[in-house]
Amino acid sequence: MDAVFSWRKTRASDLPECLKLHPAKNGAEIVGNARAMQVWKQIFEMTHATRSGVVEVRWKGKVEIVGFGLAAFVKKSFVESELLNPSPGLNSRIIGSVFSGKSVIAGYQEMRDANTRGDLQQVILDTSWKNGGLDGAQVDEVRILLGRAYQELFSGYNFSRIIFECVDELDLWHIHGHRSFRILDRYEAYRLANPETTWNLDRALGVVTVESMREDPHSIAAGLFHHHQQPQIAFTPSEQELLEVALEGADDAAAAKSLFVSVAAIKRRWAGIFERVAAIRPDLCPPADGARGIQKRQRVLTYVRTHPEELRPFNFGKQQKR
């Protein structure tokens, strides 16, 4: 039987196994491994700003995680500071900031306003795959699925810049194939100023911007920089949450469990969604066409599946309420 690879969203219980794939990206240098694991769980739970996916392989009745990716939207001031003074340990500073209570992860309002301006700043904290046990073609398949997961998880956002740190020569080698992913700094100035540093030599700060993406318009991430469509329907955050889990196939009972509310609350959210859509896009949800609830859901879900901007934080002139 051939190995079958697929991706899904990461669950909190996956994190210990995921972080074993490439320990050099765990960012534990400042706070230690145990505290870093606690912080990764905190970051994972910041669902307004972070998204994550895993790649699994099914082979001979066994299922194993062989790929992992997690990225987070961060404060613009943090990115600008990193670009102004590049130094090794990008992930460790992010982990340390959360642990200290001075998190550089963007808050919901910061994210909403940056998304509205088309000025979102992101850090890719981890993109890893199993080292050993996979042949070259299988590694390529894992990387392709991680790219597909990234595109789906972050489509509809208005990106301005992405930064990341390569932590070894293999990371650097994989970056060479992407014209839009640029190595900004190899930390030469830092090493001259800090000759006693223990950071390994094969580290580098990378960046992707609107300008660099123009050189690679067919990149997986290109649509994230050039999407920039304004949503038409001002869904509330709680309605967006429901629509996202519904897109994954959840029925009302599963949605209620996932969102920690009652089934009655889920039904009220659907009623609010139908009312909102009917007011803005009556062609999608005609108020008096006699369509059943399931038909209305299918119409709305078909629309938001191809208009992911409707599911992202956006400032319509006043703060939305849950």
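How many positive and negative side chains does the protein chain have, and how far apart do the centres of the two sets lie? The protein chain has 42 positive and 39 negative side chains, with 6 Å between the centres of the two sets; here Lys and Arg count as positive and Asp and Glu as negative, while His and the chain ends are not counted, and the place of a charge is taken as NZ of Lys, CZ of Arg, CG of Asp or CD of Glu.

This is a predicted model, in which local features need pLDDT of at least 70 and side-chain atom pairs count only at pLDDT 80 or more, whereas totals for chains, interfaces and linings use all residues. Residues are numbered from 1 along each chain as its sequence is written, and side-chain values use heavy atoms, with hydrogens and water left out.

View 1. Helices (H or I, at least four residues) and strands (E, at least two) are DSSP runs, numbered from the N terminus.

**View 2. Helix H5 (residues 108-117) and what covers its buried residues.** Met-111, Arg-112, Ala-114 and Asn-115 of this helix are buried, and their cover includes strand S3 (62-73) and strand S4 (120-129). After H5 comes Gly-118, which has a positive phi, near 75°.

**View 3. His-228 in the loop between helix H10 (222-226) and helix H11 (237-247).** With a relative accessibility of 39%, His-228 counts as partly exposed. Leaving aside residues up to four places away in sequence, His-228 touches Gly-118, Asn-158 and Phe-159, a contact being heavy atoms within 4.5 Å. Gln-109 is 119 residues from His-228 along the chain, and their C-alpha atoms are separated by 18 Å.

**View 4. Two buried cysteines, Cys-18 and Cys-285.** Cys-18 has a relative accessibility of 0%, and Cys-285 has a relative accessible area of 2%. The structure holds zero disulfides, a disulfide being a pair of cysteine sulfur atoms within 2.5 Å.

Key: Buried < 20%, exposed > 50% of the residue type's maximum accessible area, 1.4 Å probe, protein only.
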